[in-house]
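Let's take a walk through the aromatic contacts of a protein model. Have the viewer open and follow along.

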Amino acid sequence: MSKALIIVESPAKAKTIQKYLGKDYEVLASKGHIRDLPKSGLQVDVEHGYAPHYEVLEDHKQVVTEMRRAAKEADVIYLAPDPDREGEAIAWHIAHELRSAKKPMHRVEFHEITKKGVQLGLSNPHEVNQNRFNAQQARRILDRLIGYELSPVLWKRLCRQVNGHYLSAGRVQSSALRLIVDREDEIIAFKPQEYWPVGVELLGKNRPTFRASLFESDGRKLVTPTRERVPKAGDYVLGNQADADAVTADLKGAKYKVASVERKERRRRAPPPYITSSLQRDASSRIGFSASRTMQVAQRLYEGIDVGAEGPVGLITYMRTDSTRMSAEAVDASRVYIEQRFGKEFVPEKPNFFKTRSNAQDAHEAIRPTSMELHPDAIKKFLKSDEFKVYRLIWERFVACQMSEALYDGTTVIIEAQGAKSHLLRASGQVLKFAGWLEAQGSAERAEAVAGEESLTEGAAAPESDEEKTLPMLAEGEALNVVDPPGVLTEQKFTQPSARYNEGSLVKALEDLGIGRPSTYAEIVSKVLSRDYVQKQDKQLVPTKLGTTKTHGLQARFPTVVDYEFTAKIEKDLDAVESGEADWVKLVDAIYKPFKEIVVAEMSAKEPGEGWPRAEASDRICEKCGSPMVKRWGPNSNFFACTAYPKCKNIVDENPAPPPEVYADRKCPKCGRDLLVKTRRGTDEQFLSCSGWRKKEPLCDYTAPMPIGIRCPKCADGEVIKVGAAKGRRPFWGCSNYATDLKCDFRLFQPPVKEACPQCNATFLVQAGGKTRPVLKCVTEGCGYEKALALGEGNDADGDGEEAPTPKFRGGAKKGPKKGASEASA
């Protein structure tokens with residue numbers, strides 16, 4: 001009987017598909033790309049049509065050998081990497097490596113890893129899409145050319161390495177970094193505008209009391225400044241306390257009556273199903289996941305999770321998509337589920353459909369569950385914590401997108417106040433009348449717009465505030481009284497600059513500008529964060545000194561590299577290559593040649609041009625040779641350099657760090673010298689280092705994480721230290737004996753606080769609950785002590801604000817370890 005070979009990307013997907021197809025098929029995994037441009041050298045022949053030189057990756061040679069063995073034994077080969085450009089490139093390279101087998105080869109695409117999805121893919125075989133491969137190849141070659149040509153410019157104009165990393169400049173990443181830098185420049189240049197809003201607490205015939213806001217005084221419309229709206233000359237603004245006091249004094253003695261009441265039903269449409277960008281944004285704002293972590297989890301859900309008796313099942317459709325399209329079968333299944341779960345009134349008369357962006361590729365369906373039979377709660381025990389959270393997001397959104405609109409009763413009341421002058425005030429409120437799609441989601445969606453939600457239009461309901469604002473029954477002409485206290489209120493406020501980007505809002509900005517594609521958003525954000533150009537502070541993306549200087553230099557000397565429109569145009573041109581409307585070689589040539597000319601000019605110029613930092617004269621004299629010193633730019637701090645270089649290589653930091661303090665609690669375990677408390681360069685991370693360390697020929701190289709003053713509750717010998725806090729890694733807290741002969745495996749995933757538990761006398765508590773519900777809690781099993789913190793109290797010490805399972809261990813810390821102690825691990 002004939003045997004078929006199917007090659008997919010991941011072992012997890014291979015296992016799931018093997019279960020569906022049985023022994024007549026052999027399913028292997030390529031484990032990602034098997035061939036690529038070698039890391040050293042340009043590896044692109046720019047003189048002969050930009051011909052790339054590909055090689056099998058060193059760590060994939062055994063994989064290729066195994067595929068060649070299986071290809072010889074098979075009668076037909078199906079190439080089934082992911083259905084996108086990268087997957088097409090993987091399929092093309094596999095076909096190239098297996099061409100010697102001389103067996104029929106077909107490209108197949110699985111948009112969901114279910115039995116039906118696999119059978120549908122196998123029933124529609126086709127050739128490898130050469131145009132799609134060319135689009136991927138053009139992108140890869142452009143990235144290599146621009147990165148390899150531009151990096152030496154950065155080395156010449158700025159520095160070669162920072163914190164052990166060579167400086168680099170990616171094509172798309174540079175535009176993404178510019179977004180972050182431009183926002184920071186905008187914040188720095190922002191000039192706050194003072195204003196004094198005025199409100200009055202009022203009561204009519206019926207309770208409750210309500211607050212109305214002043215919007216007109218003495219016939220003049222009151223202008224409230226915002227960051228987008230700067231008042232013009234002649235605009236009426238209460239811009240100081242004196243003006244505000246004059247108005248409030250008149251309002252305190254005024255008579256109030258209802259001028260008009262407008263009641264209107266407002267509707268809030270169901271949001272569309274998730275596409276890649278909206279999933280990343282909601283995962284960032286609702287569960288605190290980075291874009292890369294969200295995609296890693298979604299990839300596992302797509303490839304297949306073992307759900308018990310059924311074995312591995314793909315739980316969601318393909319997760320790299322820009323289309324809101326859904327299959328009719330999936331929509332029908334969701335409508336049946338909604339009626340059974342929520343009731344007939346929650347099912348709209350006709351299915352909800354949503355417009356896809358005009359520049360979308362529309363190659364795949366929206367992200368949705370593959371089966372309405374696999375409710376998140378029903379399979380929770382088979383899922384890891386992060387898998388359950390992401391799957392629940394996708395499930396809830398898909399169900400919500402096919403539900404009825406939410407309905408609100410909205411009321412707007414205009415109030416007339418007559419004092420020495422005439423004033424008008426407004427009060428608005430809305431009450432949820434019918435929850436509609438909100439019933440399928442949590443309370444967070446009621447308070448703010450969700451990612452991908454339709455833009456609000458006239459008559460549409462806005463998301464609610466933390467509490468629905470309910471107005472009493474009011475009638476036109478009804479007299480109102482001031483409720484004192486609080487009475488007439490005013491307070492000083494200032495306009496605020498635009499918020500810094502977080503990962504979710506950066507993805508939204510990239511999508512709006514047309515920069516990147518669903519398959520690259522997470523990679524773009526990850527690379528920007530991993531290259532010392534951006535730091536995460538309280539989830540916000542803040543450019544470093546290096547990132548800001550690099551961006552300003554590129555804007556001045558290589559404007560097209562960081563130009564939003566130019567970067568977006570390249571994406572459109574790559575789409576044209578994929579559709580067969582453009583030639584990839586001509587595209588690369590049109591971009592590379594003018595870029596190369598600027599590189600040559602920049603590298604041949606002795607002095608840095610506009611935009612790059614330049615040496616500044618100073619009155620400092622070199623203490624080693626007596627020559628003048630100049631002030632030069634440095635990635636972490638500026639420094640003074642001797643002008644007699646290279647004869648004299650003396651340099652002095654502009655703001656030299658104070659000498660490190662001696663750590664008094666212990667000596668170096670390797671040599672007995674003093675330990676010093678040092679700070680890792682470019683960060684606030686402290687660590688211990690032996691005083692015998694030298695940059696050249698160190699007497700002792702011992703280093704250790706900084707203890708936090710808490711004894712390990714498991715082994716009672718080591719100290720609790722912060723581990724794994726390097727860039728790009730989520731930190732945890734463990735025992736300092738984790739690498740010793742004791743190999744203590746105690747771990748915490750929430751920051752410990754040196755505060756004794758008043759209930760069980762444990763020596764520390766942990767900070768939990770994130771920013772919305774911060775608490776200090778005891779992790780001793782059976783204790784249960786918890787103390788609420790005020791919002792903003794404490795710190796987000798784990799770096800990303802993500803919730804994590806609370807570890808439990810038996811016995812209070814004061815009692816030392818107990819037999820059977822058990823720590824939760826990630």
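This is a predicted model: local features need pLDDT of at least 70, side-chain atom pairs count only at pLDDT 80 or more; totals for chains, interfaces and linings use all residues.

Residues are numbered from 1 along each chain as its sequence is written, and side-chain values use heavy atoms, with hydrogens and water left out.

Searching the whole structure turns up 10 aromatic pairs (rings of Phe, Tyr and Trp, the latter by its six-membered ring, with centres within 6.5 Å; planes under 30 degrees apart are stacked, over 60 edge-to-face, the rest tilted). Take Tyr302 and Tyr318: their ring centres are 5.2 Å apart and the planes meet at 70°, so this pair is edge-to-face. Tyr302 belongs to helix 9 (residues 291–303), while Tyr318 sits in the loop between strand 17 (312–313) and helix 10 (328–341), so the pair ties together parts 16 residues apart in sequence. Helices (H or I, at least four residues) and strands (E, at least two) are DSSP runs, numbered from the N terminus. Both tyrosines, Tyr302 and Tyr318, are buried (under 20% relative accessible area, with exposed over 50% and partly exposed in between; 1.4 Å probe, protein chains only).

Phe558 is in the loop between helix 15 (545–557) and helix 16 (564–578) and Phe595 is in helix 17 (residues 584–604), so their pairing ties together parts 37 residues apart in sequence. Phe558 and Phe595 are both buried too.
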